[in-house]
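Welcome, and thank you for taking a look at this one with me. Below are some notes to read alongside the structure, point by point.

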Amino acid sequence: MEQVTEPMKKQMKRRLLTAGLILAASVWIATVAAAYEAIRRFETTPGLPASAPRTWPAATAVTRTPGTWSLVMLVHPHCSCSRASVTELAEIVEKSRRDVQPTVLVYRPQGMAAGWERTSVYDAATRIRRARVLLDRDGVEARNFGGFTSGQTFLYDDKGRLRFAGGVTSLRGHAGLNSGRMDVIRIANERTGNGSHPVFGCAITTRGETR
Amino acid sequence: MNPTVAARAEELHQLQNDKRGVMVSRMFAVLLVVQYIACVSAAFAVSPYAWAGKERVLHMHVWVAILAGAGITILPLLLAIFRPAAPLTRHVIAASQMLSSALLIHLTGGRIETHFHVFGSLAFLAFYLDWKVIMTATVVVAADHFARGVFWPESVYGVTDPEWWRFLEHAGWVAFEDVFLIWSCIFGQRELRAAALRQAEVEQLTEMEQLKTAALEMALTEIRTATA
């Protein structure tokens, strides 16, 4: 039987280590590529767009102040991506004319524990200047407005005509400059044009749940 | 300069660099593990679940933090343990550190504050006193921004049609820090080299002194033997 000498042992150890490092390098490269693709797909896939009524929905319990524009956002309080939407809403309110009335409709399904909706997203919504924060029990208002996705924003003019429907973030959970936010501010301030933008967030209701 | 002293100075300089490399790589090994735990914790804290009405599932960010975080960490960790002084190790660590920054920024929803991780990491990488490591990190940051700017521009710039050069604006801030870090690396290496040369000269003088002392002792012994 061949005797295993010390140099042979060292060589075997070196080969084993090299193989281990090559394997780790392969895992490293594959992971980075897979993570990029997974994140890209997740972040860039929008939620269901709203089928919003062209005029202020008759069935809604949300009141419209005469002579003002209405900015409505649907929010799922536990959707982490919606923190970015609420941040953007605050930015829009700051940069829009004062006669734009913001309203945040916070989804609350039946049968959930008391205070279920009191999350950081809810708290952030309450801090938006001039904003009304209303509970949307079981997504009734989301259905009235034809929205499915948290972060869905509607801008209605003083005559109750829909001027913007869409999201106000560039991706899921990413606050910052984006064309949705810019469109809402432009339409609200210049009082001309219409707009839409993909909406990114968790589902509030599904198509099957619509009226 | 005496070639023996120069060779010894070079040897001492290399030893110093290796020692520093081992120390810094081990520091990064600990840091990488801490960052991994921080990434997973951040994912659980910021976005634990994705919701559909009242139904919830574990959020994709949690899986990305666990799997991608481990994938990014494993190679530099193994290299830092088994090849801490090798130049390849520090370059892999630099690339991984920047990828960890990108992951952490993503998991915290692109928070501006998390971007400080990039600048802190560059400063830590400068502990190697190797300017090429800083360049590797910078290339990874620039490549990440460039690739995302091409394939996924909203993730970096918020708009779908940014100017092609926008990645340079972001990388420019990294380059701004790089200038000072690279300068400090070159200056630090110069200092190390000078210290190594001084030590080599001292060693040679000590050796010469020892030889002189030995020769004197031998001569004294011979005189004593002759006079006895």
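**Notes on the two chains**

1. Between chain A and chain B the count of salt bridges is zero, a salt bridge being a side-chain nitrogen of Lys or Arg within 4 Å of a carboxyl oxygen of Asp or Glu. Polar contacts are another matter: 10 residue pairs are in polar contact between chain A and chain B, both residues at pLDDT 80 or more. A polar contact here is a pair of N or O atoms within 3.5 Å; within protein, one must be able to donate a hydrogen and the other to accept it, and residues adjacent in sequence count only if both atoms are side-chain atoms.

2. Which elements of chain A give two or more residues to the side that touches chain B? They are helix H1 (6-44) and helix H5 (179-190) of chain A. H1(A) provides the largest share of that side, 17 residues. Helices (H or I, at least four residues) and strands (E, at least two) are DSSP runs, numbered from the N terminus.

3. A word on how to read these notes. This is a predicted model, in which local features need pLDDT of at least 70, side-chain atom pairs count only at pLDDT 80 or more, and totals for chains, interfaces and linings use all residues. Residues are numbered from 1 along each chain as its sequence is written, chains are lettered from A and ligands numbered from 1 in the order in which they are written, and side-chain values use heavy atoms, with hydrogens and water left out.

4. Back to the interface as a whole. Chain A places 40 residues in contact with 40 residues of chain B, where contact means heavy atoms within 4.5 Å. Together the two chains bury about 3000 Å², 70% of it on carbon and sulfur atoms. Buried area is the accessible area (1.4 Å probe) that two parts lose on being put together, summed over both.

5. Over all chains, the structure holds 17 salt bridges. One of them joins A:Arg181 to A:Glu88, with the closest N and O atoms 2.5 Å apart. This pair links distant parts of the chain, since A:Arg181 is in helix H5 and A:Glu88 in helix H2 (residues 82-95) of chain A, 93 residues apart. Buried means under 20% relative accessible area, exposed over 50%, and partly exposed in between (1.4 Å probe, protein chains only).

6. A:Arg163 also forms a salt bridge, with A:Asp157, and their closest N and O atoms are 2.9 Å apart. Both A:Arg163 and A:Asp157 are buried.

7. Chain B has a pairing of its own to look at: the side chains of B:Glu203 and B:Arg8 meet in a salt bridge of 2.5 Å, N to O. It links helix H7 (residues 166-227), which holds B:Glu203, to helix H1 of chain B, which holds B:Arg8, and the two residues are 195 apart. B:Glu203 is partly exposed at 29% relative accessible area, and B:Arg8 is partly exposed at 26%. In chain A, salt bridges that share partners join A:Glu37, A:Arg40 and A:Arg41 into one network.

8. Most residues other than glycine have a negative phi. A:Arg130, however, has a positive phi of about 65°; it is found in the loop between helix H3 (120-126) and strand S3 (132-137) of chain A. A:Asp138 has a positive phi near 60°, and lies in the loop between S3 and helix H4 (140-145) of chain A. A:Arg130 is partly exposed at 25% relative accessible area, as is A:Asp138 at 27%.

9. Where is B:Ser121? It lies in helix H4 (residues 116-125) of chain B, and is buried with a relative accessible area of 1%. Not counting residues up to four places away in sequence, B:Ser121 touches B:Gln97, B:Met98 and B:Ser101.

10. Finally, the surface of chain B. B:Phe44, B:Leu58, B:Trp63 and B:Leu67 make a nonpolar surface patch of about 410 Å². Patches are made of residues with over 30% relative accessible area and no salt bridge: like charges are joined within 9 Å, nonpolar side chains (Val, Leu, Ile, Met, Phe, Trp, Tyr) within 5 Å. Accessible areas come from the Shrake-Rupley method with a 1.4 Å probe; for residues, only the protein chains shown count as cover. B:Leu58 is in strand S2 (residues 55-58) of chain B and is partly exposed at 33%.
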